[in-house]
Amino acid sequence: MRFDSIIIGAGAAGMMAAVTAARAGRKVAVFEKNDRPGKKLRITGKGRCNVTNFCTRDEFMENVPVNSRFMYSSFSAFTPQDVMDFFENAGVPLKVERGNRVFPVSDKAADIVSALEREMKKAGVKLIHETVKEIIVEDGVCCGVRTDRGEHNAQTVLVATGGASYPLTGSTGDGYRFAEETGHTVTEIVPSLVPLETADDFCEKLAGLALKNVTLTLFDGNKKIFSELGEMSFMNYGVTGPLVLTASSRIRKMERGRYVLSIDLKPGLDEEKLDRRLQRDFTEMSGTEFKSVLVKLLPSKMIPVIVKRSGISSEIKAGQISKEQRRGLVKLLKDFRLNVIDFRPVDEAIVTSGGVSIKEIDPKTMESKIVSGLFFAGEVIDVDGYTGGFNLQIAFSTGYTAGMNI
């Protein structure tokens with residue numbers, strides 16, 4: 001079968017490219033190995049889908065730590081406002097929340113996927129559920145693909161297969177293989193926006209505990225590289241949750257013993273106010289055991305861990321706790337530390353860092369500089385951002401740019 005353009009992958013970048021190219025009059029086919037499109041998109045943002053971030057170009061670049069300069073052209077061609085206009089025109093009302101994060105009013109990622117499906121259908125895009133096995137290149141020119149069912153020819157082919165995160169959604173690294181087989185360089189693939197393993201044995205005791213309204217700070221040696229208020233959770237291996245995922249993206253090179261996480265369990269109180277609060281509690285409950293006094297201050301699951309790390313006997317009466325012990329407790333509650341030792345595996349990451357080298361892609365078109373007619377877009381490229389809608393903006397911007405040029 002012959003098409004003007006073939007797109008491999010019906011994710012955010014692939015579907016946006018398909019709509020864009022088909023609206024421009026191209027005969028487009030999207031090859032998707034899953035039984036339905038947008039499988040990974042459906043679970044983003046805990047199923048709510050943080051579509052983009054309503055930010056300026058400079059703010060966007062500040063939130064893309066890897067190869068942000070590559071994004072200048074595509075971001076300018078398809079901005080957050082353009083993304084918002086696209087979906088609202090497609091019948092999905094949007095809202096802007098804290099940190100300029102943009103979500104569908106319905107809080108349903110499925111509505112975003114459905115909108116892209118509708119727009120593809122209206123534009124005449126053909127969705128084919130076959131698995132692409134190989135990209136056909138002849139004399140340095142891309143001319144089609146081979147799938148598990150046959151050969152399909154096209155003037156241009158776009159690889160929009162995603163990265164290697166969430167493999168159950170189909171992101172199994174196929175795009176990296178296609179890139180290497182066609183002579184491209186693929187940089188080291190590492191997890192980004194991923195849970196973190198720690199060396200602290202108490203995490204196993206705290207497994208399942210979710211903390212809300214805490215401040216998490218990440219230190220690289222003595223240098224503070226991230227600090228934010230929000231939510232996190234403990235797991236057997238360490239920690240996860242929104243704060244942890246964001247913090248993990250600030251770690252560019254994992255080295256055991258280099259990074260430390262600090263949790264401020266009471267960010268609403270400075271040390272002086274927290275000390276006064278403890279003095280009051282200890283006075284009012286002077287005859288009560290220390291561990292029981294903490295019930296008013298901490299989740300029950302955390303009390304044994306705090307007691308042990310404080311060095312204060314769990315059975316000492318509150319009225320017998322010294323000023324020095326109380327101030328030590330204050331510091332512990334304001335600076336509860338964990339020693340990071342590793343990322344969790346890449347298949348637990350929200351996105352992957354690394355991918356097809358940007359040196360081999362034209363940022364103005366997304367076309368390969370090595371193989372004529374071959375394009376790349378989305379997570380398969382070596383560009384990634386922090387949480388907050390920036391990674392989907394990368395996908396939509398590069399997808400749109402590729403769509404305009406395929």
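Rings of Phe, Tyr and Trp (its six-membered ring) are said to pair if their centres lie within 6.5 Å, with planes under 30 degrees apart counted as stacked, over 60 as edge-to-face and the rest as tilted. The structure is a predicted model, in which local features need pLDDT of at least 70 and side-chain atom pairs count only at pLDDT 80 or more, while totals for chains, interfaces and linings use all residues. Residues are numbered from 1 along each chain as its sequence is written, and side-chain values use heavy atoms, with hydrogens and water left out.

**View 1. The ring pair of Phe60 and Phe390.** A search of the whole structure finds seven aromatic pairs. In one of them, the ring centres of Phe60 and Phe390 are 6.3 Å apart and the planes lie at 45°, so the pair is tilted. This pair links distant parts of the chain, since Phe60 belongs to helix α2 (residues 57–62) and Phe390 to helix α13 (residues 390–405), 330 residues apart; helices are DSSP runs (H or I, at least four residues), numbered from the N terminus. Ring pairs also link Phe60, Phe75 and Phe390 into a cluster.

**View 2. The buried residues of helix α4.**

**View 3. Arg250 and Tyr386.** The charged end of Arg250 sits over the ring of Tyr386, 3.4 Å from its centre, where the CZ of Arg must be within 6 Å of the ring centre and within 35 degrees of the ring normal.

Definitions and conventions: Buried means under 20% relative accessible area, exposed over 50%, partly exposed in between (1.4 Å probe, protein chains only). Helices (H or I, at least four residues) and strands (E, at least two) are DSSP runs, numbered from the N terminus.
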